[in-house]
Every structure is written in C-alpha cells, then in structure tokens.
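Have the model open while you read.

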Amino acid sequence: MIVTLLFVAFLVLMFLGVPIGAALGLAGAACIALANMDVQWFGLLAVPQNFYAGLGKYPLLAIPMFVLVGSIFDRSGVAARLVNFAVAIVGRGPGMLPLVAICVAMFMGGISGSGPATAAAVGGVMIAAMTRAGYPAPFSASVVAGAAATDILIPPSVAFIVYSVLVPGASVPALFAAGVFPGILAGLALIIPAVWMARRHKMGQLEASLPRPPFWKSLREAIWGLAAPVVILGGMRAGWFTPTEAAVVAVFYGLFVGMVIHRTIKLRDLFAIFREAGELSAVILLVVSLAGVFAFSLSTLGVIDPITRAIVSSGLGETGILALLIVMLLVLGMFLDGISILLIFVPLLAPLMLHFQWDVVWFGVLLVLTVAIGQFTPPMAVNLMVASKIAAVRMEQTTRWVIWLVLAMCVAMLLVAVFPQIALWLPQRLGY
C-alpha cells in the first residue's frame, strides 16, 4: 500500500506542476513517515540525513564549476571564433553549415559538458548564420539541439558525474574516457541526415555566395578555444588534477580567455554570470539531494528487490530486458530531464546490472546516450526548447526535421549496445 502511494504521490505531484525535485522529496518523506507510524518523528529524521547524504559526495563539487564554465564560455565569444575556424576548414556549400554546427557543438562539449549551455552558445551564432544562408529556422534549431545533446557524452560530463555518485565502482575518469568514442559516433550519426536533408531540400542556397573566412586569421582567433579541452582533459590524464579540480582550472582558464584575451567579458558581467550559474547549479543539486530521500524510501520499503525479481523472471532474457529498458528510457526522456531520469531509475537498475554482470562503465555510457536522445525529443526537450527560443519558432515546427536526427542517434545508441568495446576500448587502453 505504501509502495503504491510512493509512486502515485510522485506522479500526481509532478502532473500538478510541482518541480520534480520537490515531488521526489515530498513523496519520499511522506512514505518514510507512514512506514514508521509508531515512531514517526524518529523515522522522519532520515529525511534531513539523506538530504545531506545526497549532497555530501566529493565528485558533486565539479557540477557547479562545470556549469559556471558553460556560462563563461557562452559569453566569451569562443563559439563564434570556433565557427569561423570550422567554416574556414570545410568551406561553403550546401549542407556545410549544419556540419559546422554539429562539429562546433561537439567541441564545446569538451569544455562545458552541458547540453543547454552549448545549445545557447552555438545556437546564438549558428542559427543566425544559417538563416542568412537560407536555411529554414526550424531546421537550424533542430540541428543545434541535436548537436548539443552529444555534450553529455563527450567529457567533461555532468551526467557521468551524477552516475558515478549513484553506482559504486563507476569512476569518473573511466566514464569520461568511455564517453569519447560514443560521443563522436553520435555526432557523426547526426551529420549524415543533417547534410542529406539540407541537400535534398535544397537548403542554404545563399551559403556558397558568402565569404569564406581566411584560414590563418581564424586559426589565430580560435586557438584559445581549441586549447581549452587540451588543458582540461590533458591535465586530468597527466595526473595534474582530478576531474573536480579540473572544473576549477577550467573556470579560471575561461575567465582568462574571456577577460584578458578576447576581452568580451567585463568585470561588471561577472555578477550576472555567477548568478546564472548559481541558479542552475542550485536546481541540479537540489534535485540530487531530494532524490536521495526518494531513493532511501525505495530501499526502506523494499521496492527494489521485488521489481528486480519480477523483471528477471519475466522470461524476456538478457537481450529482451536490455531492449525493454532502452525503450522505457527513450519514452521517459520525452517527459523528464536527463539528471532526473538518472536519479530516479539508476537505483532501480543497479541490481539488474549486478544480476546480468553488465559492465558499469558501458551501461553508464549506454544510459547517458539514451538520455541524450531525450534532450531533443519533444515534448520535454530542453535543448530543443533553448534552440527554438533562439530561432523564434514553435517546437512543433521542428518535428519534421528532428525526427530524422533522433533516428540517427538511436542507430548510434544501438551500435554501442551491440558492440560494448566502442565505449570500453579507450578506458581499457588508458588503464582505468
């Protein structure tokens, strides 16, 4: 009865418009109280304890820093310089600007690790450029939203940090390394339909008439942005700093580039940057902490083991259960944000990983890749919301374009599911 109440209360609160973090915490707290009716106040002490326990984890310190990095590079003008450099390399022509948008978004993922931040930074530059070249605004928004979804795979990744906290044995460096090739594969999968659609529908007719940026000048302007992932990821690999310390290094590097090199960030801009990053970080960390209360109620009420036994004994087999989980996560990604999906379902899926002896790093990459698809799948597509707002179009106008990008990334996800070495080869070579 209490178990039913737990899920019903969560769903009712969510559909009433209660923020998902608050819905998780309230449903969990109510069920903890009901499960300890004889010692209610003593039982409720578990709520503040687990609220703190959800936050008191060292890897989570990196999240506010990487969010701040995204805000800094969004305002530093790095994205515009990277776009000019990419156009100087690939040239002008039908389908080239969508290719540039995807490549630049993937590169920005190696700096911030936040899909919405990249959608804002790249979309602010690319959507206007694609509109001038003759691309429809809904198509441009779809391409930017899909490209930004690769950012939670390419290290550094906030999603991998959250996953590492939830799953014992999943180290952040191993997850970061494992996300590299799947992230590149996802980007390549997006490029094929984006370029094909642009050429098939004769988009970008004005692109060839626009001037091509000079190579060496654009390289000099982009060099500081190009060096950012080298500093962040190279420093971690060399052992100079941990992933958490790398986030702090990235903040100071971004401030140096924005304030000293490009001078696009003024001292008066810092308050707005810190406030924006602080608000977004607070939302993420509050959801993490309140999800800890929900997870505790799941374990206290004994929900996880019966669900695991029911799934295992369903007769679907290992492949069937994995396919069922992927379909379930794809559907959930249409309605929930990625961090919430991880916080709610990873505690439920962890026993299945143990039962089938799935590699925790491979499963983490597969899970995050599936979540990434949800970031630009309507109706609750956070990246698509950002890109559509920049393009000044309604989200439903993007459907005819975005569906092809979703299908392409699903193919990439299935390849990672069938061939785990796509994710595991690099961390094994690096000794993680």
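This is a predicted model: local features need pLDDT of at least 70, side-chain atom pairs count only at pLDDT 80 or more; totals for chains, interfaces and linings use all residues.

**α13 with α14**

- Helix α13 spans residues 215-237 and helix α14 spans residues 243-261; their axes lie 9 Å apart, at an angle of about 160 degrees.
- Since angles over 145 degrees count as roughly antiparallel, α13 is therefore roughly antiparallel to α14.
- The crossing of α13 past α14 is right-handed.
- On the α13 side, the contact comes from Trp-224, Ala-227, Ala-228, Val-231, Ile-232 and Met-236.
- On the α14 side, you'll find Pro-243, Ala-246, Val-249, Ala-250, Tyr-253, Phe-256, Val-257 and Ile-261.
- Sorted by class, that contact of α13 with α14 has 14 nonpolar residues, with no polar and no charged ones.

**α9 with α20**

- Helix α9 (residues 137-149) packs against helix α20 (residues 382-391) at an angle of about 145 degrees, and their axes are 8 Å apart.
- Here, too, α9 and α20 make a right-handed crossing.
- From α9 come Ala-137, Ala-141, Ser-142, Val-144, Ala-145, Ala-148 and Ala-149, which meet Asn-383, Leu-384, Ala-387, Ser-388 and Ala-391 of α20.
- The class count for the contact of α9 with α20 is nine nonpolar, three polar and no charged residues.

**α18 with α19**

- Helix α18 (residues 338-356) and α19 have axes 11 Å apart, with an angle of about 145 degrees between them.
- As α18 passes α19, the crossing is right-handed.
- α18 brings Gly-338, Ile-341, Leu-342, Val-346, Leu-349 and Met-353 up against Val-360, Phe-363, Leu-367 and Val-371 of α19.
- Nine of the residues in the contact of α18 with α19 are nonpolar, one is polar and none is charged.

**The cavity**

- How many cavities of 30 Å³ or more does a search of the whole structure find? The search turns up one.
- The largest cavity holds about 40 Å³ of space.
- Its lining is made of Leu-322, Leu-325, Ile-326, Leu-329, Phe-363, Leu-366, Leu-367 and Thr-370.
- Both α17 (317-333) and α19 (360-374) give at least two residues to the lining of the largest cavity.
- By class, the lining of the largest cavity has seven nonpolar residues, one polar and no charged.

How values were computed: Residues are numbered from 1 along each chain as its sequence is written. Side-chain values use heavy atoms; hydrogens and water are left out. Axes are lines fitted to C-alpha atoms, for helices over the stretch in contact, and angles run from 0 to 180 degrees between N-to-C directions. Helices (H or I, at least four residues) and strands (E, at least two) are DSSP runs, numbered from the N terminus. Angles under 35 degrees count as roughly parallel, over 145 as roughly antiparallel, 65 to 115 as roughly perpendicular and the rest as oblique. A crossing is left-handed if the near helix is turned anticlockwise from the far one by less than a right angle, and right-handed if clockwise. Contact means heavy atoms within 4.5 Å. Ala, Val, Leu, Ile, Met, Phe, Trp, Tyr, Cys and Pro count as nonpolar, Asp, Glu, Lys and Arg as charged, and the others, Gly among them, as polar. On a 1 Å grid over the protein atoms alone, a cavity is a set of points where a 1.4 Å probe fits but cannot get out, and a pocket is an open set with protein on both sides within 12 Å along at least five of seven lines; lining residues have an atom within 4 Å of a point. Grid points are joined across faces, edges and corners, and a volume is the space filled by probe spheres set on the points.
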